[in-house]
Each structure stands twice: as structure tokens, then as C-alpha cells.
Amino acid sequence: QVQLVESGGGLVQAGGSLRLSCAASGGTLSSLIMGWFRQAPGNEREFVAAISRGGSFIVYADSVKGRFTISRDNGKNTMSLQMDSLKPEDTAVYYCAFRSGLWDRNRQKEKSMYDGWGQGTQVTVSS
């Protein structure tokens, strides 16, 4: 059973950067599609980004495109989210998740498609 642990969250000023990491144990990430989601207080959990098994295919939410970069290192069993030009509206708990199955650019955005989740890491962007 793959277990995920996020790290790297914190408090940053608007315009700043943070790098989130997601480490896996109990299994290998190389056979899994990976994604990042976030949830702000009172809101639904929303899609941020997803990356295919080998990293060749990536999709971003429109709200983060051009500012966030998802990547993975299958050799280290980790995934990352580089977040630049952060805005107060990026404030949320960020979760990494994994899923099996085939890559589908649109379906990666559906949280119901994911099989496992980390516990989340808080990101707070001050104005």
C-alpha cells in the first residue's frame, strides 16, 4: 500500500516561492500517475496539476499555469511542485495523490479518479 507524505509548506509573502515535495513509501511511484490538489477553507478540493508515469505528459489548472511546475523523480520515489509568483488566493492545504490506470488529460483533474492521498501541507500566502 503506497503511502504519501507532503512537505515544504509554510508562510510566504505574495510574489514569493515555495517548493512542495511528496515522498512515497510502501511502493514505487514509477507505475503511478501523480497529482496535486488543494483545498481552501470552505471550498471543495480542487485540481492543481498532474504528471504521467514517465513525466512526459503534464496538465495544469488554468489558475496556476505559468506559475507552478510539477515534476517527479522516480528514482527517488518523489514528486515536487515548484510554486512561483504566489498569490493570496493560492492559500490552501495542498495534497499529493496517486492513481493507476491510463493517462487522460481531462480525467486527471477529477479527484474521484485518485486512489490514495497524502495528509496535506499548509501553504499560506500573505498580501
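**Figure 1. Asp90 and its salt bridge to Arg38 in the predicted model.** At 1% relative accessibility, Asp90 is classed as buried, because the cut-off for that class is under 20% relative accessible area. Asp90 pairs with Arg38 in a salt bridge whose closest N and O atoms lie 2.9 Å apart. The two residues come from distant parts of the chain, 52 residues apart: Asp90 belongs to the loop between β8 (78-83) and β9 (92-99), and Arg38 to strand β4 (residues 33-39). All values shown here and below derive from a predicted model.

**Figure 2. Arg38 and its salt bridge to Glu46.** The side chains of Arg38 and Glu46 form a salt bridge with an N to O distance of 2.6 Å. Arg38 is buried, its relative accessible area being 6%. Glu46, by contrast, is partly exposed, with a relative accessible area of 36%. Side chains of opposite charge can pair when their charged atoms come close.

**Figure 3. The salt bridge of Asp62 and Lys65.** In this pair the closest N and O atoms are 3.1 Å apart. Asp62 is exposed, with 66% relative accessible area, whereas Lys65 is partly exposed at 47%. Elsewhere, salt bridges with shared partners connect Arg38, Glu46, Arg67 and Asp90 in one network. The model contains 6 salt bridges in total.

**Figure 4. The largest nonpolar core.** This core comprises 36 residues, and those with the most contacts inside it are Leu4, Met34, Trp36, Leu81, Met83 and Tyr94. Two or more residues are contributed by each of β3 (18-25), β4, β5 (46-51), β6 (58-60), β7 (68-73), β8, β9 and β11 (121-126). In soluble globular proteins, nonpolar side chains tend to be buried together.

**Figure 5. The surroundings of Met83.** Which residues are in contact with Met83, leaving aside its neighbours within four places in sequence? They are Gly16, Ser17, Leu18, Leu20, Arg67, Phe68, Tyr94 and Val123. Among these, Tyr94 is itself listed with Met83 among the residues with the most contacts inside the largest nonpolar core, and Arg67 takes part in the salt-bridge network with Arg38, Glu46 and Asp90.

**Figure 6. The disulfide of Cys22 and Cys96.** The structure has 1 disulfide, which joins Cys22 to Cys96 with an S to S distance of 2.1 Å. The link is right-handed, with 65 degrees about the S-S bond. Cys22 lies in strand β3 and Cys96 in strand β9, so the bond connects distant parts of the chain, 74 residues apart. Both Cys22 and Cys96 are buried.

How values were computed: Residues numbered from 1 in each chain as written. Predicted model: local features only at pLDDT ≥ 70, side-chain atom pairs only at ≥ 80, totals over all residues. Heavy atoms only, no water. Salt bridge = Lys/Arg side-chain N within 4 Å of Asp/Glu carboxyl O. Buried < 20%, exposed > 50% of the residue type's maximum accessible area, 1.4 Å probe, protein only. Helix = DSSP H or I, 4+ residues; strand = E, 2+ residues; numbered from the N terminus. Core = buried A, V, L, I, M, F, W, Y, C linked by side-chain atoms within 4.5 Å. Contact = heavy atoms within 4.5 Å. Disulfide = S-S within 2.5 Å.
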